[in-house]
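Visitor: I would like to go through this structure term by term. Please set each value against its definition.

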Amino acid sequence: MNQINFKRIIVFLSFFVFGGSQTICHAQSDLWQVSVAQVDITPTDSLWLAGYASRDHAAEGTLHKLWAKALAIEDASGNRGVLVTTDILGFPKNISDNIRERCKEKYQLTKSQIILSSSHTHSGPVIRESLYHIYPFSNNQIEKIENYSSQLENYIVTLIGKAFDNMIPAQLFSDNGVVRFQINRRNNNSSTLSAQTDLNGPNDFAVPVLQVRKTNGNLLATAFGYACHPTVLNSYQWSGDYPGFAQLALEEKYPGTTTMFFQGCGADQNPLPRRLVSLAKQYGQELAAAVERVILDTLDTLPSELRTGYSEVELSFSSPPSIEMLEKVASDTTISYQQKWAKQMLEKINNGETLPNSYLYPIQIWKLGNQSIFVLGGEVVIDYAIQLKRIFGQDIFVMSYCNDVMGYIPSARIIREGGYEGAGAQIVYGLPSTWKPNIEAQIIHSVLQLAKEIGVKIPESKLFSND
Ligand SMILES: [Zn+2]
C-alpha cells in the first residue's frame with residue numbers, strides 16, 4: 001500500500017469518527033506548496049574537467065548531461081526554502097555569494113532559505129577560482145571557465161525564480177534507506193581490496209530520501225543523498241558519475257518525476273572498485289534501488305512547517321609555513337601543484353599580504369516538519385555525520401559540499417592522523433596551512449547552537465545516553 005492510499009483511508013475513517021471539520025484541519029496541516037525546475041548545465045565549450053590534477057586536456061564529449069535542479073518549498077504559514085542540487089565539484093565562495101546575493105535582491109530569499117548543494121562529481125566542469133592551481137591549463141581556458149561560471153550563476157538564479165513559479169499543493173515524506181558501496185578510503189587499500197574480507201570503517205551507509213507527492217498521490221520529485229565521492233570515473237566525458245546514473249535510473253522508473261542528488265559527508269569515502277562506466281552505472285542502480293525501497297514504503301506525511309537557520313563559524317588555521325619552507329617547495333619542479341601553491345603563498349607575502357589565519361565556515365539547518373536536515377560546507381569527513389547522528393538521532397539527514405566548498409573538513413581524529421584529508425588536501429585547495437585541531441569541537445558546538453535557535457531538539461532518549 002502506498003502512502004496516499006493509506007492516507008486516504010485515514011482521512012475517510014476520520015470523517016466518520018471525528019466529522020468533516022477535523023478531517024480538513026488534519027489535511028491542511030501536512031499540505032505544502034512545492035515546485036521543481038531544472039536546467040541543463042552541460043558545457044557547450046571545450047572546458048577542463050574538475051577534480052583530478054592528472055588530466056591534461058579539456059573534455060572530449062558527454063556521457064550524460066549535467067543538471068542543476070531546484071526544489072522550492074513553502075509551508076502552510078508561507079515560510080519558503082529552496083534546495084538546489086548540481087552536477088559540479090563544489091561551489092566556491094565567490095560563486096555561491098553571487099548567487100545568494102542576487103536571490104536576496106530578486107526573490108527576498110536569505111542565506112538560510114537557500115541550499116546550494118554540489119554532487120562533487122569529478123566529471124563536471126572546473127568553475128571560477130576553484131582549485132585553479134592544480135590544473136595545467138592555459139589562460140585561454142581560464143577565459144572559457146570565467147564565461148561558463150557567469151552563465152552558471154545566471155542559470156541558477158533564473159532556476160530558483162522559476163522553481164517558485166507554478167507551485168502546487170503537495171505532501172512530503174522522508175526516511176533513510178541503506179546501500180553499502182561506500183568504502184572508507186583512508187582505512188582500506190584499494191589495490192588489495194578484492195582480497196580483503198573485512199572492510200574497515202568508519203562509514204555511514206544511510207540513503208536519506210525526501211519524497212514529494214501531489215495531492216492525488218502521484219510522485220512529483222525525489223531528493224536523495226549518499227556519502228561517497230563521485231569518483232568512479234576520471235575520463236574526459238561529462239557525467240554526474242554514479243549519482244547521475246542513479247537519477248537517470250529513477251527517472252526511467254518514474255517518468256515525468258524530478259530526481260535530485262545531494263552529497264553527504266563522503267570526503268573520506270570512495271566507491272570501490274572504480275574506473276569503469278559499468279561500475280558507475282552499477283552503483284547508480286544500487287543507490288536508485290535503495291531510494292525506490294523508501295518510495296514504496298508506507299510513511300507518515302511531514303507536518304507543513306519549515307524552519308531554516310544559517311550561521312558562520314570562524315575556523316582557525318594552524319601557524320602558516322615559514323618562508324624558508326615555501327621557498328624550498330617553490331623551487332622543487334617535481335611537485336607541480338605544490339610548487340604552484342608555494343609560489344602563490346610567497347607572492348602574497350612579497351606583496352605585503354598577510355596569509356589568512358581563519359575562515360568563515362557555513363552551517364545551515366532546515367526542519368521540514370519533523371525531519372531535520374543538517375547542511376555543512378566543505379568536503380566533510382564521515383565522522384561528522386556519525387557524531388551528529390549520535391547527538392540528534394539516526395533519522396536526521398546530513399548534507400555536505402553545500403554553499404561553499406573551501407577545503408576538506410577533517411575531524412579531530414583525522415587531523416591527529418594526518419594524511420590527505422587531514423593535511424595534504426589543504427595545498428590542493430590553496431589554503432595556507434592545516435586547520436587547528438579544535439575544528440570538530442567548533443563545528444559541532446555551532447551546530448548545537450543553531451539547532452537550539454531554530455528548535456531542532458536533541459531527542460530525550462539521547463540526553464542521558466552515553467552512546
Ligand atoms: Zn573530494
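Guide: Arg186 has a relative accessible area of 22% and counts as partly exposed. This is a predicted model, in which local features need pLDDT of at least 70, side-chain atom pairs count only at pLDDT 80 or more, and totals for chains, interfaces and linings use all residues. Residues are numbered from 1 along each chain as its sequence is written, and side-chain values use heavy atoms, with hydrogens and water left out.

Visitor: Why is Arg186 called partly exposed?

Guide: Buried means under 20% relative accessible area and exposed means over 50%, with partly exposed in between (1.4 Å probe, protein chains only). Arg186 is at 22%, so the label is partly exposed. Glu417, with 45%, is partly exposed too.

Visitor: What makes Arg186 and Glu417 a salt bridge?

Guide: A salt bridge is a side-chain nitrogen of Lys or Arg within 4 Å of a carboxyl oxygen of Asp or Glu. The closest N and O atoms of Arg186 and Glu417 are 2.8 Å apart, so the pair is a salt bridge. The two residues are 231 residues apart: Arg186 lies in the loop between β7 and β8, and Glu417 in helix α10 (residues 412–417). Helices (H or I, at least four residues) and strands (E, at least two) are DSSP runs, numbered from the N terminus.

Visitor: Which residues are linked with Arg186 and Glu417 in a network of salt bridges?

Guide: The network links Arg185, Arg186, Asp383, Arg413, Glu417 and Glu421. Within it, Arg185 forms a salt bridge with Glu421, the closest N and O atoms being 2.7 Å apart. Arg185 is in the loop between β7 and β8 and Glu421 in helix α11 (residues 419–428), so the pair ties together parts that are 236 residues apart in sequence. Glu421 has 5% relative accessibility and therefore counts as buried.

Visitor: How many salt bridges are there by this rule?

Guide: The count comes to 17 salt bridges. One of them joins Arg128 and Glu146, with the closest N and O atoms 3.1 Å apart. Arg128 lies in the loop between β5 (114–118) and α4 (139–164) and Glu146 in helix α4, so parts 18 residues apart in sequence are tied together. Arg128, at 9% relative accessibility, is buried, whereas Glu146, at 27%, is partly exposed.

Visitor: What makes His120, His229 and Glu379 donors of the zinc ion?

Guide: Donors are N, O and S atoms within 2.8 Å of the metal (3.2 Å for Na, K and Ca); water is not among the atoms, so sites may look incomplete. His120 (NE2), His229 (NE2) and Glu379 (OE) lie 2.0 to 2.1 Å from the zinc ion, so they are its protein donors. Their spacing in sequence is H-x108-H-x149-E. His229 is in the loop between β9 (219–226) and β10 (237–238), and Glu379 is in strand β16 (residues 379–380), 150 residues apart.

Visitor: Are His229 and Glu379 buried or exposed, and why?

Guide: His229 is at 2% relative accessibility, so it counts as buried. Glu379 is at 3% and therefore buried.

Visitor: Why is the pair of Phe181 and Tyr226 called tilted?

Guide: Rings of Phe, Tyr and Trp (its six-membered ring) pair if their centres lie within 6.5 Å; planes under 30 degrees apart count as stacked, over 60 as edge-to-face and the rest as tilted. The centres of Phe181 and Tyr226 are 4.8 Å apart and their planes are at 50°, so the pair is tilted. Both residues are buried.

Visitor: What makes Tyr242 and Phe261 edge-to-face?

Guide: Their ring centres are 6.0 Å apart and their planes at 80°, so the pair is edge-to-face. Tyr242 is in helix α5 (residues 241–253) and Phe261 in strand β11, 19 residues apart. Both are buried. Ring pairs link Phe181, Phe224, Tyr226, Tyr242, Phe261 and Tyr283 into a cluster.

Visitor: What is the class make-up of the lining of the second largest cavity?

Guide: The lining has 11 nonpolar, no polar and no charged residues. Ala, Val, Leu, Ile, Met, Phe, Trp, Tyr, Cys and Pro count as nonpolar, Asp, Glu, Lys and Arg as charged, and the others, Gly among them, as polar. Among the lining residues are Leu71, Trp366 and Met399. A cavity is a set of points on a 1 Å grid over the protein atoms alone where a 1.4 Å probe fits but cannot get out, and lining residues have an atom within 4 Å of a point.

How values were computed
1 Å grid on protein atoms, 1.4 Å probe; cavity = no way out; pocket = protein on both sides within 12 Å on 5 of 7 lines; lining within 4 Å.
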